[in-house]
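Student: I have a structure open and want to learn how to read it. Can you take me through it feature by feature?

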Amino acid sequence: MVTERPSAQQAVPGRKRGPDAEEPRLRGTRETGGWESAARARISETEWRPRSGQRPEAPRRPALWEQRPLAAATTADAREQARLKTRVVARDTEAWQRDPTFSGLQRVGGLDVSFVNGESSRACASLVVLSYPELKVVYEDSRMVRLKAPYVSGFLAFREVPFLVELVQRLQEKEPDFMPQVLLVDGNGVLHQRGFGVACHLGVLTDLPCIGVAKKLLQVDGLENNSLHKEKIVLLQAGGDTFPLMGNSGTVLGMALKSHDRSTKPLYVSVGHRISLEVAVRLTHHCCRFRIPEPIRQADIRSREYIRRTLSQRQERSQKEQKPKACPKGSPGLPANQGRPPKDCDRGSCTEPKDPQPGFQEQPKDRQLEGTGHHEDSDLWPPPAWLQSPR
């Protein structure tokens with residue numbers, strides 16, 4: 001016996017009829033997006049609203065492929081990145097690299113970008129050059145920059161590297177005798193989701209040997225900061241101890257390095273350009289007085305100090321420009337129109353400078369512009385409250 005299925009117009013036990021009846025569920029199609037979309041299309045006179053007790057839908061974030069300008073830029077960057085990647089040289093090219101003591105190496109460069117706290121576009125790019133093996137700063141250059149390119153995972157170099165390249169070019173034009181023979185960058189080289197990180201990008205564009213030194217593990221090609229990885233870190237006993245970072249592809253993408261005897265967190269060193277991984281790891285360790293290699297550490301310190309000094313000077317200028325002028329008081333013996341506020345001086349717009357509050361003591365300018373102290377620990381150093389560093 002075949003029971004005929006009642007239609008939507010026929011009475012069904014348990015279902016209300018009349019104006020208070022609920023809208024029956026409609027079977028939507030793929031084009032309409034489901035039964036809810038079909039029901040919304042049926043209600044044309046009034047705006048669709050969620051039922052009582054139902055949460056309103058949150059605005060959907062557009063997918064990457066729907067962001068046409070960003071997607072188009074990413075596609076162009078991907079093509080350029082692939083083109084530059086073919087120029088990477090992952091072997092030693094200089095005579096000093098083949099010497100166990102790095103004989104012939106005299107100048108080591110470090111680069112870093114520090115951001116103004118709370119901002120993602122205003123930053124300071126810094127380049128320092130240190131003598132080797134003394135590790136004394138012989139050249140420094142910092143400048144405030146505004147990063148216009150958006151951050152896209154895997155394409156960080158297109159956001160920061162142009163400013164770093166400009167610093168190297170300025171050094172070449174101003175003081176060619178201080179050109180570094182190798183660059184250390186706060187970032188990754190071939191240890192990258194696309195095999196071409198900041199260190200590779202900068203090395204290819206400047207045609208200088210370049211090393212990527214990261215403070216955190218970039219989890220690519222199956223590399224994870226899991227319990228097994230942490231067990232390997234515990235086995236690093238003395239400064240200079242390492243273990244390879246091998247991905248699922250079977251390629252060694254970099255090395256985890258215990259840079260200092262008292263450091264509890266390793267560095268992640270990878271090839272950037274024109275240097276081998278073994279030499280990159282040894283040189284990085286030789287440049288470490290603390291956890292962070294001295295070239296990168298000095299670039300970070302100077303970029304933060306430059307931001308602090310620049311913002312302090314701007315704040316002082318702004319305060320001087322906004323300081324109100326006092327209205328003169330009347331005094332006996334002066335003409336009737338003197339000692340009175342001018343006609344265009346509205347009430348409250350001209351005020352006398354208030355006395356400082358009790359206990360207030362103005363700091364001298366040289367005290368205000370003093371450099372911040374640096375405290376060493378397992379990381380770089382605790383930044384001030386209004387500064388932050390990327391990566």
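Tutor: Start with strand 4. Four bridges join strand 4 to strand 5 (residues 210-214), and the two run parallel. Strands and helices here are DSSP runs, numbered from the N terminus: a strand is E with at least two residues, a helix is H or I with at least four. Two strands pair if DSSP finds at least two bridges between them.

Student: Which residue of strand 5 is the bridge partner of Asp 186?

Tutor: Val 213 is that partner. Now follow the chain. From strand 4 it crosses through helix 4 (residues 198-206) to strand 5, a right-handed β-α-β crossover. To judge the hand, point the strands away from you; right-handed means the path from the first strand over the helix to the second runs clockwise.

Student: Which strand pairs with strand 4 over four bridges in the parallel sense, besides what you told me?

Tutor: Strand 1 (residues 107-116) does. There, Gly 110 has Leu 184 of strand 4 as its bridge partner.

Student: What should I know about the model itself?

Tutor: This is a predicted model, where local features need pLDDT of at least 70, side-chain atom pairs count only at pLDDT 80 or more, and totals for chains, interfaces and linings use all residues. Residues are numbered from 1 along each chain as its sequence is written, and side-chain values use heavy atoms, with hydrogens and water left out.

Student: Are the residues of strand 4 buried or exposed?

Tutor: First the cut-offs: buried means under 20% relative accessible area, exposed over 50%, and partly exposed in between (1.4 Å probe, protein chains only). Five of the five residues of strand 4 (residues 182-186) are buried, so the strand is largely enclosed by the rest of the structure. Val 182, Leu 184 and Asp 186 point one way, Leu 183 and Val 185 the other.

Student: Why is helix 4 largely enclosed?

Tutor: Eight of its nine residues are buried, so the rest of the structure largely encloses helix 4. Among them are Val 198, Cys 200, His 201 and Thr 206.

Student: How do I read a nonpolar core?

Tutor: In soluble globular proteins, nonpolar side chains tend to be buried together. A nonpolar core is a set of buried Ala, Val, Leu, Ile, Met, Phe, Trp, Tyr and Cys residues joined through side-chain atoms within 4.5 Å. The largest one here has 28 residues, and those with the most contacts inside it include Phe 102, Tyr 132, Val 182 and Leu 283. Helix 6 gives the largest share of this core, five residues.

Student: Which residues does Tyr 132 touch?

Tutor: Contact means heavy atoms within 4.5 Å. Leaving out residues up to four places away in sequence, Tyr 132 touches Phe 102, Leu 105, Gln 106, Arg 107, Val 108, Leu 283, His 286 and Cys 287.

Student: Is Arg 291 buried or exposed?

Tutor: Arg 291 has 2% relative accessibility, so it counts as buried. Arg 291 lies in the loop between helix 6 and helix 7. Its side chain reaches the backbone oxygen of Pro 266 at 3.1 Å.

Student: Where does Ala 90 lie?

Tutor: Ala 90 lies in the loop between helix 2 (68-85) and strand 1. Ala 90 is exposed, at 51% relative accessible area. Ala 90 and Ile 275 are 185 residues apart in sequence, yet 5.6 Å apart in space, C-alpha to C-alpha.

Key: Polar contact = N/O pair within 3.5 Å; in protein donor to acceptor, adjacent residues only side chain to side chain.
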